[in-house]
Amino acid sequence: MDGVSENKMVPSDFSTGPMEKAAKPLPFKDPNFVHSGHGGAVAGKKNRTWKNLKQILASERALPWQLNDPNYFSIDAPPSFKPAKKYSDVSGLLANYTDPQSKLRFSTIEEFSYIRRLPSDVVTGYLALRKATSIVP
Amino acid sequence: MAAATAAGLATNVFPFRDARAAPDPVLEAGPVAHGSLPVPLVLDNGSFQARAGWACPGPDPGPEPRLQFRAVCARGRGGARGGAGPQVGNALGSLEPLRWMLRSPFDRNVPVNLELQELLLDYSFQHLGVSSQVTGEGCVDHPIVLTEAVCTPLYSRQMMSELLFECYGIPKVAYGIDSLFSFYHNNPKNMISSGLIISSGYQCTHILPILEGRLDARNCKRINLGGSQAAGYLQRLLQLKYPGHLAAITLSRMEEILHEHSYIAEDYVEELQKWRCPDYYENNVHKMQLPFSSKLLGSTLTSEEKQERRQQQLRRLQELNARRREEKLQLDQERLDRLLYVQELLEDGQMDQFHKALIELNMDSPEELQSYIQKLSAAVEQAKQKILQAEVSLEVDVVDSKPETPDLEQLEPSLEDVENINDFEPLFSEETPEVEKPVATVQPVFNLAAYHQLFVGTERIRAPEIIFQPSLIGEEQAGIAETLQYILDRYPKDVQELLVQNVLLTGGNMMYPGMKVRIEKELLEMRPFQSSFQVQLAANPVLDAWYGARDWALDHLDNEDVWITRKDYEEKGGGYLREHCASNVYVPIRLPKQASRSAEAQASGKGSGASGGGAGEQA
């Protein structure tokens, strides 16, 4: 567990003579500590990133779980079985209509005229909010 | 300020507080920490806030946790200035200027970046005044109670144990779930209780059934929506509604709106119907007053300015084209003259010179010359006419400088002429349709204060509603009500009855007004006719986890079974967990120990082989 030079935190802990303002060794920690999980990749010094949650879960899936064991991904709530209600993108009221040109939902005539006058970036913004952006152009 | 609007009645206008956090003082540990037994430190490690304090024994249960700070850190502004390392939590003051540099150890509700976690722990220990009294060895002498996620990944627990035992030298640690600690706090201690916990935090919402005092982990469910998703949704809604105020609609202000101006509707559809009525809207809309910014006024004119600029560009291009046309006309004219001269030579009968000239011109016969002359003269005529036309329309342009639609119609024919000559064609064809559009949406600014107000109407109920209807933001997961039904259906009827008698709502995201009533209504809809249920909101949904952890620590100080000691860690690996009434369920899978980087590849290969053989077969 050496490798003092490789840990980014260490230089600030280890007092090397001239004391900088933020370089006081903190009395409660071991100054020689190196995170072993630091750099979850094979490459030596270069890849120093921590695993994010997706990567951790991917490697957790590979562990030998039994069928009924509770783990982080088995706890995810199931998808909904009930049909989703449609709400207007602009005002949030119940939307009975959809604009065929921009695919935005609206509930009143005034909203429709407002929608038709929106610039295209706002339109895509509303669709992205609902995750309704279509991949096919 | 609010009363001085020209609109008369200024109801429901609220300013943004934009609170800045005060930096925490470095506290003295005080006599509290130095008892005969080492006093446990209680840390509620949350993705929104971290709360830390001592679990002091004695008659006085003690005040709030001494430290409560946002679980974020950021380097100081202006690059890495010498000396000033990353600042944590309340030392950052206001979060907004640093929004893009904020880093958090959490990814959803699991700590993944242990370096940042180390920073947060350093900050907590430093400000609580922890010092090592025993020897010169740097270590923290106190047992620690730490919260973790429900069914946290083994890797994450391993990293956390490693950090605690090897970096800080802690004697023993106990991991627990924050919602269960809150349950422990809100229920009488002597009874072994069963119940259902609905806990909604910053990143996710859990529904946890408790049977006989222990978490039934197989039947828990987690919805990946919480306060941060609600804040993000609200922010995007307001930014799309007020594109001029993009920069002023910050996440901190959104959190302020959620905390103070939002509520949960008891019946969402009915509440929306109420909002349709303009009177109700007027009475209940909250107008958030943004601070005045003269830059914003300038931006309303830029669309007109943009049109002005486009007009200028068009004019410039036209002048350029006109000049080019004239030059070409001149060249053509000269050539035509020369050819005519040669033709005259032919007519005059000076054959030798004529032939010589023909050869010079690279032509074979007088007929060719003739046809060439004709073509050229036609071209010259055309060019002259076009120039005349362009001059006329240019004059009209200069007189009429306002960007109005009749102007554009006159520009159109001149634009068509230009197409042949130059390569600015794509620019022109894309510019004309755009110029017409923005004119209609530019509104004159009458009421300055009203211009700087954000009208928060139905957004007050839309943003918190996402945990009940995740389809609002396109999530496929089921909302709280449906998930609750799903979980209850996994139990026999008598157990269901038992569970709904003790429903606890906890977590910061549960503090909206109307939340309890809504959950009661949802339960009423799904339970059998005339059956009873009991819903209780935690006494202090935000801090109850910390209080519960402190109570638990004090009650279990001498109980050795629940603490993970250093010896356990070394023998059984970092993923080891000792179960207790408020903990996760331990699944004995041995993770490969993460060795140093170069040996890691080998070790993981060997380790997973060993654990695969030792810990049962894979299905």
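Are Trp546(B) and Tyr547(B) buried or exposed? Select the two residues and look: both Trp546(B) and Tyr547(B) are buried. Keep in mind throughout that this is a predicted model.

**Stop 1: aromatic rings**

A pair of aromatic rings is described by the distance of the centres and the angle of the planes. Over all chains, a search of the whole structure finds 13 aromatic pairs. Select Phe69(B) and Tyr123(B) to see one of them: the rings are 4.8 Å apart, centre to centre, with 65° between the planes, an edge-to-face pair. This pair links distant parts of the chain, 54 residues apart. Phe69(B) belongs to strand β4 (residues 67-70) of chain B, and Tyr123(B) to helix α2 (residues 114-128) of chain B. Both Phe69(B) and Tyr123(B) are buried.

Now go back to Trp546(B) and Tyr547(B). Their ring centres are 5.8 Å apart and their planes are at 75°, so this pair is edge-to-face.

Next, move to chain A and select Tyr97(A), Phe106(A) and Phe112(A). Together, Tyr97(A), Phe106(A) and Phe112(A) form one aromatic cluster.

**Stop 2: chain A as a whole**

While chain A is selected, colour it by secondary structure. Chain A has four helices and two strands, and along the sequence they follow the pattern α-α-β-β-α-α. Chain A has 137 residues, of which 39% count as buried. Among its contacts between residues at least 6 apart in sequence, 19% join residues at least 24 apart.

Select residues 86-115 of chain A. An unreviewed UniProt entry lists this span as "domain: Vps72/YL1 C-terminal". The span is 23% helix and 13% strand, and its end C-alpha atoms lie 16 Å apart.

**Stop 3: charges over rings**

Which ring does the charged end of Lys51(A) sit over? Select Lys51(A) together with Tyr155(B): the charged end of the lysine is over the ring of Tyr155(B), 4.8 Å from the ring centre. Here the two residues come from chains A and B.

In chain B, select Arg518(B) and Phe468(B). Arg518(B) lies over the face of Phe468(B), 4.3 Å from the ring centre. Keep Arg518(B) in view for the end of the next stop.

**Stop 4: salt bridges**

How many salt bridges does the structure hold over all chains? The count is 23. Begin with Glu459(B) and Lys241(B), which form a salt bridge with their closest N and O atoms 3.3 Å apart. The two partners are 218 residues apart and link distant parts of the chain. Glu459(B) is in helix α15 (residues 459-462) of chain B, while Lys241(B) is in helix α5 (residues 227-241) of chain B. Glu459(B) counts as buried because its relative accessibility is 2%. Lys241(B) has a relative accessible area of 24%, so this residue is partly exposed.

Then select Glu271(B) and Lys274(B), whose side chains meet in a salt bridge of 3.6 Å, N to O. Both residues lie in helix α7 (residues 268-276) of chain B, three residues apart, about one turn of the helix. Glu271(B) counts as buried at 9% relative accessibility, whereas Lys274(B) is partly exposed at 38%.

Glu571(B) and Lys567(B) are the next pair, and their salt bridge has its closest N and O atoms 3.5 Å apart. Because they are four residues apart in helix α20 (residues 566-572) of chain B, about one helical turn separates them. Glu571(B) is partly exposed, with a relative accessible area of 45%, and Lys567(B) counts as exposed at 57% relative accessibility.

Salt bridges that share partners join Glu465(B), Arg518(B) and Glu522(B) into one network.

**Stop 5: a charge without a salt bridge**

Select Asp332(B) in helix α9 (residues 294-348) of chain B. Which side chain of opposite charge is nearest to Asp332(B)? It is Lys328(B), 4.4 Å away. Asp332(B) is buried yet has no salt bridge; a salt bridge needs the nitrogen and oxygen within 4 Å. Leaving out residues up to four places away in sequence, Asp332(B) touches Leu376(B) and Val380(B).

**Stop 6**

Last, select Met351(B), in helix α10 (residues 351-361) of chain B. Met351(B) counts as partly exposed because its relative accessibility is 37%.

Conventions. Residues numbered from 1 in each chain as written. Chains lettered and ligands numbered in written order. Predicted model: local features only at pLDDT ≥ 70, side-chain atom pairs only at ≥ 80, totals over all residues. Heavy atoms only, no water. Buried < 20%, exposed > 50% of the residue type's maximum accessible area, 1.4 Å probe, protein only. Phe/Tyr/Trp six-rings, centres within 6.5 Å; stacked < 30°, edge-to-face > 60°. Lys NZ or Arg CZ within 6 Å of the ring centre and 35° of its normal. Lys, Arg positive; Asp, Glu negative; His and termini not counted. Contact = heavy atoms within 4.5 Å. UniProt positions renumbered as here; feature names shortened; annotations may be inferred.
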